[in-house]
Amino acid sequence: MRLLRELGIIGLSVSLGLGVGAIITAATGHSVPAVFRELALGAFSDVYRFANTLMRATPILFTSLSFLIAFRAGLFNIGAEGQLFIGGFFAAWAGFTFSLPPVLHLVVCLLFGAAVGGLWGFIPGWLRARRGANEFVTTMMLSYVAILLTQWFVSPGGPFHGGRMAARTVRIESTAELPRLLAGTQLSWGLLIAFIVALLVWYFLFRTPRGYELRAVGQRETAAEYGGVNVARTQILAMVLAGVLAGLGGAAEILGIHRGFTVGFSPGYGWDGIAGGLIARAHPIGAVFAALLMGALRAGGAGVDRAGVAPRDLVEVLQGLVILFVVAPELFRLVGRWRLRRRAHGRAQS
Amino acid sequence: MNERERSVRGEAVRMEGIVKRFPGVTANAGIDLSLNYGEVHGLLGENGAGKTVLMSVLYGLYRPSEGQIYLEGNPVSIDSPAVAIRAGIGMVHQHFMLVPRLTVADNMVVGWETSRGPFLDRKRIRKRIKELSEQYGLEVDPDSAVEELSVGEQQRVEILKALYRGAEVLILDEPTATLPEQEVEAFFTTIRAMRDEGKAMVFITHKLREALTICDRVTVLRKGEKVGTVPTTDATEAQLAEMMVGREVVFEVQRDRVASEGRPLLQVEGLSAVDDRNVPAVEGVDLTVHDHEILGVAGVQGNGQTELVEAICGLRSAVQGHVMLNGEAVTGSSPRKMAEAGLVHIPEDRHRRGLVLNFSVAENAILGRQYEAPFAIGHVGQSKRAIAGYARELVERFSVVVPGVRTPARALSGGNQQRVILARELDRKPKVIVAAQPTRGLDVAGIEFVWEQLLAMRREGAGILLVSMDLDELMTLADRLVVMYQGKLVGEHRPGETDKQQIGLLMLGGAVETS
Ligand SMILES: Nc1ncnc2c1ncn2[C@@H]1O[C@H](COP(=O)(O)OP(=O)(O)OP(=O)(O)O)[C@@H](O)[C@H]1O
Ligand SMILES: [Mg+2]
């Protein structure tokens with residue numbers, strides 16, 4: 001019932017976004033049918049294009065889960081992009097530094113990415129829980145730190161530069177590679193890992209005592225405290241898990257697709273996760289569908305670009321519109337919630 | 001406005017055949033209600049009878065599934081509170097909705113005046129507040145922050161807010177539930193002043209005596225249906241009670257005098273604590289609760305009881321002093337440790353502490369025990385079945401009115417929310433119970449039930465710290481009685497040996513008599 005209604009609302013929002021997009025397309029002198037045809041073809045027309053959609057959905061699913069698990073604890077993880085970068089880099093580092101037997105090596109690399117991502121979540125979580133620092137700001141700042149740090153690592157002159165001109169590391173050992181799921185595409189086993197992780201997140205949130213406590217903290221801190229929940233520890237846990245999820249996403253992306261860390265590996269997957277998590281109404285299973293929608297938009301956009309029927313900028317406007325329309329209702333709720341929290345927070349400090 | 005003018009203005013509101021259905025419940029099943037200008041109209045009924053829902057329909061918070069509302073004879077559709085306010089309808093909720101950090105004056109206009117233009121004429125606002133407070137005896141300082149006000153003052157602000165926005169019809173949902181008896185009279189004076197001005201008021205209460213005192217007519221609801229409307233001139237408490245529950249009510253609590261063995265269960269020594277604004281709220285409190293004993297703490301809300309209770313239960317750090325449970329020092333222990341040591345806490349604020357409103361009744365039933373078997377399966381699992389089964393058992397035993405245990409706690413009526421908390425906490429077989437305002441918002445049967453439960457716990461040996469502002473409750477239950485005033489405990493009394501008046505005086509800071 002509720003699911004159907006939510007899906008209906010989302011369908012309507014997507015159509016609205018596309019409708020407004022169509023008007024803008026026409027107004028800027030481009031062919032509406034051609035653009036929309038390429039958009040659909042780019043995402044779904046054959047196995048390879050659909051694989052492209054799935055490939056792009058994979059990291060978005062990770063970052064959506066990252067956003068929503070923090071959100072369920074009443075926290076905002078705005079720094080998934082940086083966690084993705086730092087996780088990706090250290091996965092690659094473990095991939096070209098260690099020599100280990102095949103499966104083990106891969107697992108170690110994934111764990112490395114997850115762990116460093118987790119560290120990147122732990123810091124803002126700790127600052128929030130123990131020092132009251134606003135995680136909205138700290139995750140964002142740490143995100144830039146991660147991006148700039150990894151960029152410097154791999155740029156010419158940096159300690160881990162391994163390309164010729166390109167800013168990237170050397171290639172990881174083949175034992176660390178996440179195999180392709182479909183020959184001839186870039187789709188890797190990362191997708192299946194993402195699905196399994198989504199299920200695990202669902203199980204954690206709704207079927208374990210810790211998940212219960214995490215949700216209670218997000219709903220009403222004071223009531224959770226009354227119910228014997230250690231609020232500070234739970235907030236830290238939520239942020240660590242958020243970092244782990246995004247870091248794992250970065251690792252899967254690097255090990256499965258690029259096979260070496262390169263600075264251009266994310267067109268903003270971390271940011272897409274915010275939209276994804278909100279579209280999913282912070283539900284892990286909803287996030288699977290949200291990520292598919294976002295992946296399709298990204299893949300379709302690439303199709304329009306390739307076909308040359310409209311410039312890249314217009315494609316991005318189209319993507320942005322759809323996301324905006326889908327997220328808008330949730331965004332209003334979110335802003336309200338945030339303002340409320342700031343008010344309560346200010347009160348506690350005065 | 002005199003009698004004649006009042007009647008000329010005639011009927012303010014007529015609700016006809018109001019039906020409101022929620023999934024699994026019909027909260028209102030075809031209710032008619034007529035409200036006149038210059039009338040105080042009581043709305044009575046057991047917990048969950050549909051009082052709040054009916055008034056929420058009038059205030060535009062819910063749309064009725066069926067039925068029609070008329071304002072001064074004209075059919076209207078009230079889609080939102082904004083529409084209601086514009087139509088001259090105001091509501092003071094069971095739980096206040098003020099912004100604590102803002103001043104009284106700012107609270108008047110927030111979300112209202114601010115939406116009518118970018119500039120505020122503060123001088124004019126303040127002048128208008130002054131006028132209204134003088135006219136109706138609603139004394140408050142427009143420039144003090146709401147968080148610094150007592151509950152009684154906050155209530156005055158809520159009423160002022162409604163009046164400021166031009167309310168001619170005023171809905172008051174259990175306004176006296178948070179007021180100490182001594183302030184009720186002043187509150188009634190305000191109500192009478194508003195009635196004489198010709199305002200129409202709906203007054204929801206569980207206290208029949210109050211209804212008979214202040215109301216002109218009362219309407220009784222039962223299980224979503226209207227039982228009838230009667231003028232108070234020829235109604236009695238017994239008659240109203242019978243209308244409410246459908247049978248005669250005998251209200252009598254058996255008090256046996258099982259002697260305490262004098263074993264101290266809860267000892268508090270020199271406890272001091274500060275409130276959320278870091279202002280000292282509890283100053284050097286000593287108290288001891290023994291086995292088989294109920295120690296009552298009387299006091300007007302806002303005299304440090306909240307902070308005292310929280311400091312005892314591990315929800316607030318003590319600045320000074322010790323808490324001992326069963327002879328062991330537990331000062332500063334976490335709420336979870338306290339619970340494991342055998343102390344349960346019935347919090348005064350059910351929305352802030354007692355419940356996670358968006359969680360289901362089942363999820364709320366295990367709050368505080370989420371990590372215990374059989375609800376938790378180690379760290380890695382949760383038994384939905386065990387949780388639901390347990391919740392169903394509690395709902396049954398404490399007669400909580402709820403369509404199912406998967407219903408969110410938010411959807412329960414105020415009294416039924418309180419029952420969920422009581423059921424959960426009392427079922428833990430505690431050694432020590434810290435109960436703050438445990439019967440607030442309960443109907444007569446509910447109060448009786450809770451009193452019996454507390455007495456049964458006492459009989460079995462528990463020590464109970466009962467914080468209440470209801471003197472009748474304290475006089476009935478407590479073995480010993482102390483009064484809390486401005487962070488300190490004053491005097492100790494035995495209910496049999498002191499009279500209510502004397503305690504009431506102490507609550508208001510009257511001279512401490514040495515007895
Ligand atoms: N939003 C909602 N969703 C579902 N059910 C609801 C909702 N609000 C109220 N109900 C149900 O409607 C019934 C009437 O509730 P209402 O709050 O009007 O009771 P009440 O008479 O005010 O009781 P109390 O004295 O306890 O405050 C209850 O059974 C309640 O569970
Ligand atoms: Mg009610």
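Student: How far is an oxygen atom of ligand 1 from a polar backbone atom of Gly48(B)?
Tutor: This is a predicted model, where local features need pLDDT of at least 70, side-chain atom pairs need 80 or more, and totals for chains, interfaces and linings use all residues. Residues count from 1 along each chain, chains are lettered from A and ligands numbered from 1 as written, and side-chain values use heavy atoms, without hydrogens or water. Here we have a polar contact (N or O atoms within 3.5 Å). The backbone of Gly48(B) and the oxygen of ligand 1 are separated by 2.8 Å.

Student: Which residue has a polar side-chain atom 2.7 Å from an oxygen atom of ligand 1?
Tutor: Side chains reach ligand 1 too. Asn47(B) places a polar side-chain atom 2.9 Å from an oxygen of the ligand. At 2.7 Å, the residue you want is Ser413(B).

Student: How much of the area that ligand 1 exposes alone does the protein bury?
Tutor: Taken by itself, ligand 1 exposes 640 Å² (Shrake-Rupley, 1.4 Å probe). Of that area, the protein buries 91%.

Student: Which helix of chain B gives the most to the shell around ligand 1?
Tutor: Ligand 1 is surrounded by 20 residues, with Lys51(B), Thr52(B) and Gly415(B) among the closest (a heavy atom within 4 Å). Strand 2 (25-36), helix 2 (51-58) and helix 15 (414-426) of chain B each supply at least two residues of this shell (DSSP runs, at least four residues for helices, two for strands). The top contribution, 3 residues, is from helix 2.

Student: How many residues of the shell around ligand 1 are polar?
Tutor: Domain 1 (1-88 + 168-249) and domain 4 (354-428) of chain B each give at least three residues to the shell. By class, there are 8 nonpolar and 3 charged residues. The polar count, with Gly included, is 9.

Student: What is the volume of the largest cavity?
Tutor: A cavity is a set of 1 Å grid points where a 1.4 Å probe fits but cannot get out, and its volume is the space filled by the probe spheres. The structure holds 6 cavities of 30 Å³ or more. For the largest one, the volume is about 180 Å³.

Student: Which helix of chain B supplies the largest share of the lining of the largest cavity?
Tutor: The lining has 17 residues; Tyr226(A) and Arg428(B) are among those nearest the centre. Its classes are 10 nonpolar, 4 polar and 3 charged. The largest share, 4 residues, comes from helix 11.

Terms used: 1 Å grid on protein atoms, 1.4 Å probe; cavity = no way out; pocket = protein on both sides within 12 Å on 5 of 7 lines; lining within 4 Å. Polar contact = N/O pair within 3.5 Å; in protein donor to acceptor, adjacent residues only side chain to side chain. Domains from an automatic or database assignment.
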